[in-house]
Amino acid sequence: MAMTVAVPLLFIAAPGTATDLHWFWEQTCGDCHDHAASWARQFLTVKDGRLQGRHHTDDLLVFLGNHHLPPDLVQPMYDMLLAQASTEPRFKERCGRCHETAAELARESLVVRNGVLQGRESGRPVAQFLPRHAKLGLTPEDVAFFTDLLTRVEGEVHSGN
């Protein structure tokens, strides 16, 4: 029990610093729950733009606040799970052969500068890079989807609260 309470405290960021929501989920929630995106798609639904659990249909935010989350991460975690439950698993299907997760890719290789998602080292905008990336044959719709997804995930790993 002491470890269950202590582990979340290790990942609470000091005021003004970012919390990697995906890392927090992996370290705090991962023992009981699968990868956040697959878990959200399997166990949560979106109804009228609101996230619902199978047993917690009225107010999932209250449940999250009482379920091992520090208060400053309740809304960001809810938002992350809502986005994941609302997003088809195209990253895993199209990119999973080379990139383990979108969070890992964003954490290691991406950054938003001046509102544009870019390669961390190259500085090249991802939307310009993707059309010719790995011969995936991405359509303009695919490029927009993956750019939006990776921009969201970059925010979740670099400035989650």
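How far apart are the end C-alpha atoms of H9, and what should its 19 residues span at 1.5 Å a residue? The 19 residues should span 27 Å, and the end C-alpha atoms are 26 Å apart, which agrees. The expected span is 1.5 Å times one less than the number of residues in the helix.

## Basis of the model

This is a predicted model, in which local features need pLDDT of at least 70 and side-chain atom pairs count only at pLDDT 80 or more, while totals for chains, interfaces and linings use all residues. Residues are numbered from 1 along each chain as its sequence is written, and side-chain values use heavy atoms, with hydrogens and water left out.

## Overall make-up

The protein has 9 helices and 4 strands, in the order α-α-α-β-β-α-α-α-α-β-β-α-α from the N terminus. Helices (H or I, at least four residues) and strands (E, at least two) are DSSP runs, numbered from the N terminus.

Of the 161 residues, 39% are buried; buried means under 20% relative accessible area, exposed over 50%, and partly exposed in between, with a 1.4 Å probe and protein chains only. Among contacts (heavy atoms within 4.5 Å) between residues at least 6 apart in sequence, 59% join residues at least 24 apart.

## Helix H9 and threonine 147

Threonine 147 lies in helix H9, residues 140–158. Its relative accessibility is 15%, so threonine 147 counts as buried. Other buried residues of H9 include Val143, Phe146, Leu150 and Val157. Leaving aside residues up to four places away in sequence, threonine 147 touches Leu117, Val126, Ala127 and Leu130.

Strands E3 (residues 110–113) and E4 (residues 116–119) run antiparallel and are joined by 4 bridges; two strands pair if DSSP finds at least two bridges between them. Valine 111 has glutamine 118 of E4 as its bridge partner. The hairpin has 2 residues between its strands, and asparagine 114 in the turn has a positive phi of about 50°.

## Nonpolar cores

A nonpolar core is a set of buried Ala, Val, Leu, Ile, Met, Phe, Trp, Tyr and Cys residues joined through side-chain atoms within 4.5 Å. The largest has 19 residues, of which Trp25, Leu44, Leu51, Leu69, Met77 and Leu81 touch the most other members. Helices H2 (21–29), H3 (36–43), H4 (60–65) and H5 (71–86) each give two or more residues to this core, and H5 gives the most, with 7 residues.

Tryptophan 25 touches residues including His33, Trp39, Met77 and Leu81, not counting those up to four places away in sequence. Apart from this core lies another, of 18 residues, among them Ala102, Leu117, Val143 and Leu149.
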